[in-house]
Amino acid sequence: MLGLRPGAQSPPQVSSNLQGRTLSMSTDQLTVAATLAPLQLPPGGRVTLTAAVTPKAGMHVYAPGSRYRAVGIKLAATSPFRLEAPVEYPKPGLYTFKPLNEQVPAYDAPFRLIAQIVLDTSKPIVTPRRPLPVTLKASLDYQACDNRFCYLPESIPLQWTITSTP
Amino acid sequence: MRVLLVAIVTALAALQPVTAAESFKPFKKLKGLDGSQQSLGDVLGRKATLVVFFFPTCPYCNAAFPEVQKIYDRYKDQGLSMVWINVLPDEEKLIAPWRAQHGYTAPVLLGNRAVANDYELRMTPTHFLLDAKGAVLSTHAGYSAGDEKTLERDVRQALGQ
């Protein structure tokens, strides 16, 4: 049977434990340091997820506004949280995609995505009488290309436990 | 130095003629755009088959496929079969309008990440050229201008031309 041809994708390498404030991960295409702050959430409060992304040499990921799959932060569908506002993106560069002779908004240098996150009040939430741990699950989704290949889209899981306070 | 090494290994991996006859792993029946279920045996051509893994918003697929379609048009009546297998279910709805927009007629099957994982795909497009019995003649990943000439040469060879 046919085995590996182009080479297997390496799974994300996580360099800090999932309870930490900053998660640092590396894939074949990029590294990401994702920070959640604060780790305590009072009623009506918000937390900020900042993803500092560094494409590896020769790699680029697409920005919103391109016709390709843009990098983004997504909250898990089952999450009791929601984005308070659209994810903030820095101004992208313009990547010249030579085979189609088109210019595409993309990032090929370090950039940060910022997401403001609040509890989703449309979902049943019990207001805690005492500090209660709540899991925030999100992902950094992207599709990376270099000057010859486009790699399959990836989703890097991000997870923190924060404390919901009375 | 490490970056250079990775670049060299990646470039070598992009184009790999297969010297020993390896069988292409048969995929389970996949749904076509018309709703029919097809296995590898159903799509094998009289002389050769080109299996291409893709998804509609893949930039290099969009660069390569006009040329791949031309190869299909040129050789489909000479024993070449072709099938494009989508690997992202969340892009299935894009396929019909995308084919219509570009005038693609090569048959499409609807796969998923599990199918991609079965073939240890890392990038798209990835082409597998098979002989009449399903043995792999060559593989090719990615796209650069001119790659279609290599592909067409391999197809002609597979067709005995």
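Reader: Helix α6 of chain B, residues 147-158: what span should it have, and how far apart are its end C-alpha atoms?
Author: This is a predicted model, so everything here is computed. At 1.5 Å a residue, the 12 residues of α6(B) should span 16 Å, and the end C-alpha atoms sit 17 Å apart, which agrees.

Reader: OK, and which residues of α6(B) are buried?
Author: They are B:Asp147, B:Leu151, B:Asp154, B:Val155 and B:Ala158. These cover an arc of only 100° around the axis, which puts them on the same side of α6(B).

Reader: Why would residues three or four places apart point the same way?
Author: An α-helix has 3.6 residues a turn, so residues with that spacing point the same way.

Reader: What do the buried residues of α6(B) pack against?
Author: Five elements of chain B: the strands β4 (48-54), β5 (80-86), β8 (126-131) and β9 (135-141), plus helix α3 (59-75).

Reader: And which exposed residues are on the face turned away?
Author: B:Lys149 and B:Arg153 are the exposed residues there.

Reader: What follows α6(B)?
Author: B:Gly160 does, and its phi is positive, near 80°.

Reader: Zooming out, how many helices and strands does chain B have?
Author: Six helices and nine strands. Of the 161 residues in chain B, 41% are buried. Among contacts between residues at least 6 apart in sequence, 78% join residues at least 24 apart.

Reader: What's the mean pLDDT of chain B?
Author: It's 88, with 87% of the residues of chain B at 70 or more. Over residues 3-13 of that chain, though, the pLDDT is below 50, and beyond near neighbours in sequence this stretch has five contacts in the model. For the complex, the predictor gives an ipTM of 0.77 and a pTM of 0.82.

Reader: I clicked on B:Lys28. Where is that?
Author: B:Lys28 is in the loop between β1 (15-23) and β2 (30-32) of chain B.

Reader: Is B:Lys28 buried or exposed?
Author: Exposed, because B:Lys28 has 11 other C-beta atoms within 10 Å, and 12 or fewer counts as exposed.

Reader: Switching to chain A: which residues are on the covered face of strand β5, residues 46-55?
Author: A:Val47, A:Leu49, A:Ala51, A:Val53 and A:Pro55. The uncovered face has A:Arg46, A:Thr48, A:Thr50, A:Ala52 and A:Thr54.

Reader: How many bridges join β5(A) to β11(A)?
Author: Eight, and the two strands run antiparallel, with β11(A) covering residues 111-119. In that pairing A:Ala52 stands opposite A:Arg112. Strand β3 of chain A (residues 30-37) also pairs with β5(A) in the antiparallel sense, over eight bridges, and A:Thr35 stands opposite A:Thr50.

Terms used. Residues numbered from 1 in each chain as written. Chains lettered and ligands numbered in written order. Predicted model: local features only at pLDDT ≥ 70, side-chain atom pairs only at ≥ 80, totals over all residues. Helix = DSSP H or I, 4+ residues; strand = E, 2+ residues; numbered from the N terminus. Expected span 1.5 Å × (residues − 1). Buried ≥ 20, exposed ≤ 12 C-beta atoms within 10 Å, placed from the backbone. Arc of directions from axis to C-beta. Contact = placed C-beta atoms within 7 Å. pLDDT = per-residue confidence, 0-100. Pairing = 2+ DSSP bridges.
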